[in-house]
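Work through the exercises below with the sequence and the model at hand. Each task is followed by a solution in steps.

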Amino acid sequence: MSIIPKEPTSHLSSLANHACVTPNRALYITDVLEMILDELVNDKRSISHLAFTCKTIAEPALDRLWALNDSLEPFISLLPKELTLDESSFFQYDHLMVSSVLPENWATFDNYARRARRLYVKTVTMNPHRVYSSIYKQLTDIRPNVELFPNLTTLAFHAKSVSNPHLRMFPSSLRSVTFSWTNTMAPQIETVLWSLVMNRLFLDAPLIEHIHFEGSPKEPLQSLTPLPFQQLQKIAIKPSPLCPNVLHKYCHALSASTVWELDLRFVRWPDPRLQPISPVFPSLRKLTIDGSPTHAIEFIRLLSSPVLQELAIASQSERSGDILNQYTQLLMLLADKYRGVFRTFKIQHPLPCHDQPDLESFLHAVRTLADAGVDTLQLNLILGWRDLTPEVHDMIDPLKWTSLRHFKISSRRVSAPWSWTTGNGLFQVG
């Protein structure tokens with residue numbers, strides 16, 4: 001359903017005129033209007049009706065309505081009549097027939113485009129009614145010297161083609177971008193295209209703060225130089241699968257920015273012989289890894305940042321009977337490399353434990369990490385037996401973990417269930 005307000009009927013017009021004779025003075029207060037619109041943030045229909053209620057709130061209501069829209073489709077009917085859809089195309093908006101367009105004929109489109117704050121223009125290949133990302137690219141080609149959506153802050157974009165690398169692709173207002181990729185082209189074309197898109201983003205949107213890669217080419221090897229974005233703080237790299245040498249290239253290109261937060265989905269690290277050719281994220285403070293502790297160890301060893309404060313392991317991607325020993329090695333690495341700096345460690349999946357000596361080694365590593373300055377632990381150990389050894393009982397004594405502000409430990413499988421908590425964190429043994 002379109003959210004573009006239609007011309008009011010005579011009945012609605014008379015209501016609007018009557019309402020505007022003596023409008024409530026509170027409506028002239030910007031903060032009051034914003035509060036009203038905030039309450040209706042999930043009710044586009046009501047906001048649309050408000051746009052006809054009174055001229056005083058028409059513009060703020062339209063601004064909010066279009067700021068909530070995330071689709072290109074409502075903009076199609078606002079295009080100049082000189083632009084027509086190619087009816088022979090299987091996908092409804094895959095190709096625009098272009099003729100000469102006078103600048104003034106863009107007025108209606110521009111009036112609404114300036115209100116847009118976010119757009120989802122990724123390709124959905126199985127839905128012919130979904131607006132293709134190609135139409136966004138076509139519009140940037142048609143108006144190469146104009147920022148189509150000058151106040152856009154969030155864009156989800158399918159990297160499909162770059163007809164002219166010298167033309168603007170992204171608005172300078174952009175703060176967050178998500179790239180998807182289909183890997184349907186020849187690798188040599190993909191690598192060039194990926195590099196062109198990234199270089200264009202750097203030139204067009206230097207104040208970008210967040211980049212999310214949902215997909216990437218198989219081998220982005222060409223023309224990829226360091227890109228020192230001024231405000232880039234957070235990167236998520238989650239293509240599946242993450243091809244062997246892609247992460248190496250990401251690190252080289254994006255470590256030139258002051259990135260504080262990184263979220264990685266691992267398949268495996270690149271060839272061990274392929275060492276970093278530049279410092280790897282030297283400003284990183286928060287790291288999330290969707291992969292095994294071995295992946296985390298490999299990456300942290302190469303990490304250049306001296307100020308890593310938080311690590312979370314989101315899931316266990318490998319099945320291994322030695323998983324607890326891998327985590328023991330990871331904890332010791334963190335304690336050694338980031339003593340006095342590292343503060344938070346989270347394992348966000350159940351951690352099985354089948355051997356009491358392994359559990360003792362793991363708890364010793366936890367103790368070492370706590371002594372190195374960590375104050376928040378989130379762990380969930382699943383034990384394979386009912387009775388704990390005296391050594392383990394002694395190690396989990398609450399009086400020996402007073403340095404942790406956030407810590408909880410409990411057990412349900414042992415013969416005598418017990419639990420204790422310090423702070424609001426989570427350390428569970430089940």
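A salt bridge is a side-chain nitrogen of Lys or Arg lying within 4 Å of a carboxyl oxygen of Asp or Glu. The model is predicted, so that local features need pLDDT of at least 70 and side-chain atom pairs count only at pLDDT 80 or more, while totals for chains, interfaces and linings use all residues. Residues are numbered from 1 along each chain as its sequence is written, and side-chain values use heavy atoms, with hydrogens and water left out.

**Exercise 1.** Find which parts of the chain the salt bridge between D63 and R114 links.

Step 1. The side chains of D63 and R114 meet with N to O at 3.9 Å.

Step 2. D63 belongs to helix 4 (residues 55-68), whereas R114 sits in the loop between helix 6 (107-113) and strand 3 (118-121), 51 residues apart; helices (H or I, at least four residues) and strands (E, at least two) are DSSP runs, numbered from the N terminus.

**Exercise 2.** Decide whether R115, which forms a salt bridge with D63, is buried or exposed.

Step 1. Buried means under 20% relative accessible area, exposed over 50%, and partly exposed in between (1.4 Å probe, protein chains only).

Step 2. R115 has a relative accessible area of 2% and is therefore buried, whereas D63, at 31%, counts as partly exposed.

Step 3. The closest N and O atoms of R115 and D63 are 2.6 Å apart, and a network of salt bridges links E59, D63, R114 and R115.

**Exercise 3.** Work out how far apart D371 and R367 are in helix 12.

Step 1. Their side chains form a salt bridge at 3.4 Å, N to O.

Step 2. Because D371 and R367 are 4 residues apart in helix 12 (residues 356-371), about one helical turn separates them.
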